[in-house]
Amino acid sequence: MTGAFSLDELTACASHQRGHFLLSSGLHSGDYLQCALYLAEPRRAARAGGLLAGELADAATGIDLVVSPAMGGIIIGHETARALGVPFLFTERADGAMVLRRGFAVAPGQRVAIVEDVVTTGRSTREVIEVLDAAGAEVVALGSMVNRSGVDNPFAPHPFRALLEASFPTWSAEACPLCRDGVPVAKPGSRPIARP
Ligand code: ZN
């Protein structure tokens, strides 16, 4: 997918910020990316969900439902499921383990697409794959708004589609060129959501 979704769109709503950031991983980066501000506008979320639904329908046939890991995947997963016309379920953590939200279940053989907002290490998505495998469901495709994993498909052999490939450099504090240049480390700035 090229052209339909761009980093500029994320930058325009401050979902992507440039500067010098201490990430939650403890690493430093000149880029901060977090889709929540983009998805805070429902019309944007619906548009992204529609684009991702198109990608997933192209990657796999007969998707029965969409499952997303909480919290980041919930809005984009919901909008993708709406566009596909299928149910949407999400996971939660119980005592540190990834499980389907209480009250949700999948049936053996159901064809599931997993949807995330941003794939970085892919760890939480892989935990969702394990939950669905254990339930006997079939993971037929995975999708995210942004792939910043640095590899084309961190979930191979499962098909994976992202609306945007964005691999930003990160460094340990000791190796950070922005620290070396004396640039102050900032927390990502917040911005009020304006009515469009
Ligand atoms: Zn730094």
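Which residue caps the N-terminal end of helix 3? That's Glu41, with a side-chain oxygen 3.0 Å from the backbone nitrogen of Arg43.

## About the model

This is a predicted model, where local features need pLDDT of at least 70 and side-chain atom pairs count only at pLDDT 80 or more, while totals for chains, interfaces and linings use all residues. Numbering runs from 1 along each chain as its sequence is written, and side-chain values use heavy atoms, leaving out hydrogens and water.

## Helix 3 and its two faces

Helix 3 spans residues 42-59; helices here are DSSP runs of H or I with at least four residues, and strands are runs of E with at least two, numbered from the N terminus. Its 18 residues reach 25 Å from first C-alpha to last, close to the 26 Å expected at 1.5 Å a residue (1.5 Å times one less than the number of residues).

Ala45, Ala48, Gly49, Leu52, Ala53, Glu55 and Leu56 are buried (under 20% relative accessible area with a 1.4 Å probe, protein chains only; exposed is over 50%, partly exposed in between).

Strand 7 (residues 138-147) contains Gly143, which is buried at 3% relative accessible area. Gly143 touches Leu52 and Leu56, among others including Phe160 and Arg161 (contact means heavy atoms within 4.5 Å).

How values were computed. Polar contact = N/O pair within 3.5 Å; in protein donor to acceptor, adjacent residues only side chain to side chain. Lists of a residue's contacts leave out its neighbours within four places in sequence.
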